[in-house]
Amino acid sequence: MGKSGRFVAIALIAFGLCAVAEFSLFGPWKAPGGAHALAVLPLKSPSGSAEDDALGLAMSDALIRRFRATGAVTVSAGAPGADVLLEGTVHAAEGRLQVGVRLLRAGDGRTLWKQSFDVSASEAPAVESAVFDAVSFRLRLK
């Protein structure tokens, strides 16, 4: 397994552990304004890298699990029936992780929020938590 393959494996494990720890420590919570239907689309590689696509899929899956665990929002991996879409890109290179995410209104594609993260590879789990927290705030889940 190459250096980048090991990075992907470590990132997958770290994202999974963060999702379990978040739910175990804080438990589910409910949206004050009612449920939303959120579609979390796989984060894609801007360069078409299979390793980045795998990392993006792992991050998307971890986000889906975290949002489902809240019980405050209906979550799917595809767009049909969703009010809001979460999409983005992910790229890992030279010990850095670049993630860009957008929250879109499904009806018209209007961008509701977007943010970019550029962190060291060791901070990968923190990016997933930051995305989860920011989207939760925008959807008023917290």
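I take two strands as paired if DSSP finds at least two bridges between them. Ten bridges join β3 (residues 84–93) to β4 (residues 96–105). The two strands run antiparallel.

**Hairpin.** I then went to the turn. Two residues lie between β3 and β4, which form a hairpin. E94 sits in that turn, with a positive phi of about 50°.

I moved on to β1, residues 36–40. Three bridges tie β1 to β3, and this pair runs parallel.

**β1 and β2.** Four bridges join these strands, again in a parallel pair. A37 stands opposite T74 in β2.

**Whole sheet.** In what order do the strands lie? I read β2-β1-β3-β4-β5, five strands in an open sheet with mixed pairing. β2 (73–76) and β5 (111–120) are at the edges. Each has a single partner strand, so one side of each has no neighbour in the sheet. I get an average twist of 20° from one strand to the next.

**Helix on the sheet.** I looked up what α3 packs against. α3 touches β3, β4 and β5 of the sheet. The direction of α3 makes about 165° with that of β5. Angles over 145 count as roughly antiparallel, so I log α3 and β5 that way.

**Helix pair.** Two packed helices are described by the angle between their axes and the distance between the axes. I looked up both for α2 (residues 50–70) and α3 (residues 124–138). Their axes come within 11 Å and cross at roughly 45°. The two helices are therefore oblique to each other. I logged the crossing of α2 past α3 as right-handed.

Which residues of α2 and α3 meet? On α2 I listed M59, A62, L63, R66, F67 and T70. On α3 they meet A124, V127, E128, S129, V131, F132, V135 and S136. By class, the contact holds nine nonpolar, three polar and two charged residues.

**Confidence.** I left this check for the end. The mean pLDDT of the protein is 80, and 75% of its residues reach 70 or more. Over residues 17–35 pLDDT stays under 50. The model has 27 contacts beyond four places in sequence for that stretch. Where pLDDT is low, the predicted coordinates should not be read in detail.

Terms used
Residues numbered from 1 in each chain as written. Predicted model: local features only at pLDDT ≥ 70, side-chain atom pairs only at ≥ 80, totals over all residues. Heavy atoms only, no water. Axes fitted to C-alpha atoms, helices over the stretch in contact; angles between N-to-C directions. Parallel < 35°, antiparallel > 145°, perpendicular 65-115°, else oblique. Left-handed = near helix turned anticlockwise from the far one by under 90°. Contact = heavy atoms within 4.5 Å. Nonpolar A, V, L, I, M, F, W, Y, C, P; charged D, E, K, R; others polar. pLDDT = per-residue confidence, 0-100.
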